[in-house]
Amino acid sequence: MLRTLRSIVVVALTAALGMGMNAEAAERPRKLLIGLLPGESAPTVMRLNEPLRKYLEERLKIPVEIVVGANYAATSEALRFGRLDVAFLGPVTYILQSQRSALEPFARPSHADVGPTFKATIIVPRDSPAKSLADLKGGEIAFGDPASTSGTWVPRWQLLNEGLVSGRDYTIRVLGAHDAVALAVENKKVAAGGLSKPIFERLLKSGAISPEKLRVLQDSPPIPEYMWTFRAGLDPALKKEIREAFLEMKDRDALGVFRAESFVPAADSDVDRVRDWVAAVQSANPKNAWAPQ
């Protein structure tokens, strides 16, 4: 079943890629293609975001299709080349791709108490002897997608902040998704893992992982939230409608997947803090720093 669903997603992405040039040329696309990152398995991402798809379709009065890329780079590059109309990009994915295209962030989720921020976390097996990040020296540490903000870059910055450089002080193990990282740590396949704190908490709540087998070693500072981003060349009138649809959203089911009270306006400068962290990681170890191809 999972393999079949993955195939459907791949076919959908391929179709989206093929439609890209037509969509870019049209003043107003006949179908809105929205891109999501595969932070978890593609079927899970599509299921969780179905309320958002239905809300946008009813609000905009045009068909809306969710496209989940094979990886973070596939989604962001599809947006850069006009093969998606909007996409929900993490700060690092946005930063790296916006260096090469005029992407336009327009909305980000805002949460109770913390506003438009979230955290990453580094977890270890519950019986791990590690008491601080420095104790992970010499071990193998799991990360998600190479372009993931909370699944790779912020945890790497946390480790760097404690004096640990990848390739010198620890070995990177790339697993591609947050849930895969949590399971690898739970099963003691690695010494530790970095992932999104909200996803970690949701996996605990759902029973997908056990609190008796895992513990948090260190949370990150607040990270600027993901941003909904327009592709270059999208019809200005449609952009206005989409922006208003997000900023005026009251649909609890659509907001729920983002744990959001609302969406607030987003701007390029919102992710400046993350730019500094990315620069620090790239400077410490340029050979292991990911960049768009």
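**Briefing on the predicted model**

**How the two helices cross**

- Helix 5, which covers residues 91-98, packs against helix 11 at an angle of about 75 degrees, and the axes of the two helices are 10 Å apart.
- Angles of 65 to 115 degrees count as roughly perpendicular, and helix 5 and helix 11 are therefore described as roughly perpendicular to each other.

**The largest pocket**

- The largest pocket has a volume of about 550 Å³, and of the 23 residues that line this pocket, Glu40, Phe88, Ile199, Arg202 and Val257 are the closest to its centre.
- Helix 2 (42-48) and helix 8 (197-206) each supply at least two residues of the lining of the largest pocket, and helix 8 gives the largest share, which is three residues.
- When the lining of the largest pocket is divided by class, there are 13 nonpolar, six polar and four charged residues.
- The largest pocket lies between domain 1 (32-113 + 224-276) and domain 2 (120-221), because both domains give residues to its lining.

**The cavity**

- The structure holds one cavity of 30 Å³ or more, and the volume of the largest cavity is about 50 Å³.
- The residues that line the largest cavity are Arg156, Leu160, Leu164, Val165, Ser166, Tyr170, Val281, Ala284 and Asn285, and the elements that give two or more residues to this lining are helix 6 (149-161) and helix 11 (272-284).
- By class, the lining of the largest cavity consists of six nonpolar, two polar and one charged residues.

**Two residues with positive phi**

- Most residues other than glycine have a negative phi, and this is the background for the two residues named next.
- Lys188 is not a glycine, yet its phi is positive, near 60 degrees, and Lys188 is found in the loop between helix 7 (178-186) and strand 9 (192-196).
- Arg259 likewise has a positive phi, of about 55 degrees, although it is not a glycine, and Arg259 is found in the loop between helix 10 (252-256) and strand 13 (262-265).

Definitions and conventions
Residues are numbered from 1 along each chain as its sequence is written. This is a predicted model: local features need pLDDT of at least 70, side-chain atom pairs count only at pLDDT 80 or more; totals for chains, interfaces and linings use all residues. Side-chain values use heavy atoms; hydrogens and water are left out. On a 1 Å grid over the protein atoms alone, a cavity is a set of points where a 1.4 Å probe fits but cannot get out, and a pocket is an open set with protein on both sides within 12 Å along at least five of seven lines; lining residues have an atom within 4 Å of a point. Grid points are joined across faces, edges and corners, and a volume is the space filled by probe spheres set on the points. Helices (H or I, at least four residues) and strands (E, at least two) are DSSP runs, numbered from the N terminus. Ala, Val, Leu, Ile, Met, Phe, Trp, Tyr, Cys and Pro count as nonpolar, Asp, Glu, Lys and Arg as charged, and the others, Gly among them, as polar. Axes are lines fitted to C-alpha atoms, for helices over the stretch in contact, and angles run from 0 to 180 degrees between N-to-C directions. Angles under 35 degrees count as roughly parallel, over 145 as roughly antiparallel, 65 to 115 as roughly perpendicular and the rest as oblique. Domain bounds come from an automatic or database domain assignment.
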